[in-house]
Amino acid sequence: YQRRVHGVKMRNANVVDALSQLRLGGAGGQGGDLVLRCNHVVLMGDMSYRVELDHLEALSFAMSQSYDRLLEHDQLRRQMSHGLLPGFCEGSISFPPTFPLVPGTDIYAPETARVPSYTDRILYRSPANDCMELESYSSEIAGDLLRGSARHRPVAATFRCHVQRPYLHLFGETATLPQLMVMFDAISIEGYPGSVDKPYLVIHSGFSASPALSQVGRWEGLGATSNSRAGASRTLPQSTALGPGSSAMNRGVRIVWSKSQLPVLLADVGSMESLLTHRLVVVLKDGSEKDNEKCLRGTAVLPLHTLDPASRSFDVPLELLCGVAGRLTGSMLVTTV
């Protein structure tokens, strides 16, 4: 039992380490969790999670194609149900375990220490309104793979992904584009479990047509100056660190930013419908930590299409290290100037 628990912790740590070390364009940790900044993410490979059954029982289920019975004891499925990799999905598995095979065959190795398991997986994460559909999820061995030395059955997935074309005005900068405005009433972090000595926010948006912002996709400035241009991220001082949150799930710190401390974002897009295809990425950092990566305390994604039109409110998870570290809540208004 202790060996199994240690193995699961090690595999969880490997997943966290792999995703937390992702880099794009040399930005490091300045933009928060890179996974949350991408519209579509596919995570695939030998994740090494096992089926928690003895060898003969797992082999019996595999031979009888009782794959659901195997998946009831799958470590990855259990860990995801307990909060690992929030937002990630996996297709329905209707194929045999992918490991361990006798090299060059489709036969499981007769090793009692290596239970037939689904070690090779493809997970994906995509916003609900972006229409990324899984069309197939399968595993087959054929051709050169049967003559090779691989001990893993390959897994393949096919996706159909809708690509949103950015709004571009026919006459570029010479034309006057309709302007939309995003105003925050308040933002709070609820139930953060750790300590944040000097919390501040960085808000990233990506709906500007300004050439000056197109290279980096963000602009950082100090203070809470209003009328910040679209495409900006604003570094904002923290208002108040209060006591324990009231939620049973969240018994940690509550951090609040008032309307006067939050920016007004102006968006040069053609219509409200176009703006609502975008989202904001809100990053919580600790100003007492000078290292750009070590200062990260969580990242939240705020899709504009999910706003409640009646209350203008939002409540989304604050994610850190492949888990949920609290909630980002508040309210905002999206309107024309």
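These questions and answers walk through a predicted model of one protein chain.

Q: What makes up the protein chain in terms of helices and strands, and how much of the chain is buried?
A: The chain holds 8 helices and 15 strands. Of its 337 residues, 43% count as buried, and buried here means under 20% relative accessible area.

Q: How do you know what share of the contacts in the protein chain comes from residues 24 or more positions apart?
A: Take the contacts with a separation of 6 or more: residues 24 or more positions apart account for 68% of them. A contact is counted when heavy atoms come within 4.5 Å.

Q: How confident is the predictor, and where is the pLDDT below 50?
A: The average pLDDT of the protein chain is 76, with 69% of the residues scoring at least 70. Over residues 209-250 the value is below 50, although this stretch has 109 contacts in the model beyond near neighbours in sequence. Where pLDDT is low, the predicted coordinates should not be read in detail.

Q: Why is Ala58 called buried?
A: The relative accessible area of Ala58 is 0%. The cut-off for buried is under 20%, so Ala58 qualifies. This residue is found in helix 3, residues 55-63.

Q: Which residues does Ala58 touch, leaving out those up to four places away in sequence?
A: They are Leu53, Leu70, Val115 and Pro116. As for Arg69, its C-alpha atom is 8.8 Å from that of Ala58, and the two residues are 11 apart along the chain.

Q: What makes the buried residues of helix 3 line one face?
A: The buried residues in this helix are His55, Ala58, Phe61 and Ala62. Seen down the axis of helix 3, they fall within an arc of 135°, so they line one face of the helix.

Q: Which exposed residues sit on the face of helix 3 turned away from its buried side, and what does the buried side pack against?
A: Leu56 and Met63 are the exposed residues carried by the face turned away. The buried residues pack against helix 4, residues 67-71.

Q: What is found at the start of helix 3, and what follows the helix?
A: At the start, a side-chain oxygen of Asp54 reaches to within 3.3 Å of the backbone nitrogen of Leu56. After the helix comes Gln65, with a positive phi near 60°.

Q: Why is Arg153 called buried, and what does its side chain join?
A: Its relative accessible area is 6%, and the cut-off is under 20%, so Arg153 counts as buried. The side chain of Arg153 makes a polar contact of 2.6 Å with that of Asp106; the limit for such a contact is 3.5 Å. Arg153 lies in the loop between helix 6 (144-147) and strand 4 (155-161).

Q: What makes up the largest nonpolar core?
A: This core has 25 residues, and among those with the most contacts inside it are Phe184, Ile187, Ile189 and Trp257. Elements that give two or more residues include strand 5 (179-192), strand 12 (279-286) and strand 15 (323-336). Strand 5 gives the largest share, 5 residues. A second, separate core has 16 residues, including Phe95, Tyr108, Ile122 and Tyr137.

Q: What is the phi of Ser48 and of Cys322?
A: Phi is positive in Ser48, near 70°, and also in Cys322, about 65°. Most residues other than glycine have a negative phi. Ser48 is in the loop between strand 1 (41-46) and helix 3, while Cys322 is in the loop between strand 14 and strand 15.

Q: How do you know whether the peptide bond from Phe99 to Pro100 is cis or trans?
A: Its omega is near 0°, and the bond is cis. Pro100 is in the loop between helix 5 (75-81) and strand 2 (120-125).

Terms used
Residues are numbered from 1 along each chain as its sequence is written. This is a predicted model: local features need pLDDT of at least 70, side-chain atom pairs count only at pLDDT 80 or more; totals for chains, interfaces and linings use all residues. Side-chain values use heavy atoms; hydrogens and water are left out. Helices (H or I, at least four residues) and strands (E, at least two) are DSSP runs, numbered from the N terminus. Buried means under 20% relative accessible area, exposed over 50%, partly exposed in between (1.4 Å probe, protein chains only). pLDDT is the predictor's confidence in each residue, from 0 to 100. A nonpolar core is a set of buried Ala, Val, Leu, Ile, Met, Phe, Trp, Tyr and Cys residues joined through side-chain atoms within 4.5 Å. A polar contact is a pair of N or O atoms within 3.5 Å; within protein, one must be able to donate a hydrogen and the other to accept it, and residues adjacent in sequence count only if both atoms are side-chain atoms. The arc is that of the directions from the helix axis to the C-beta atoms.
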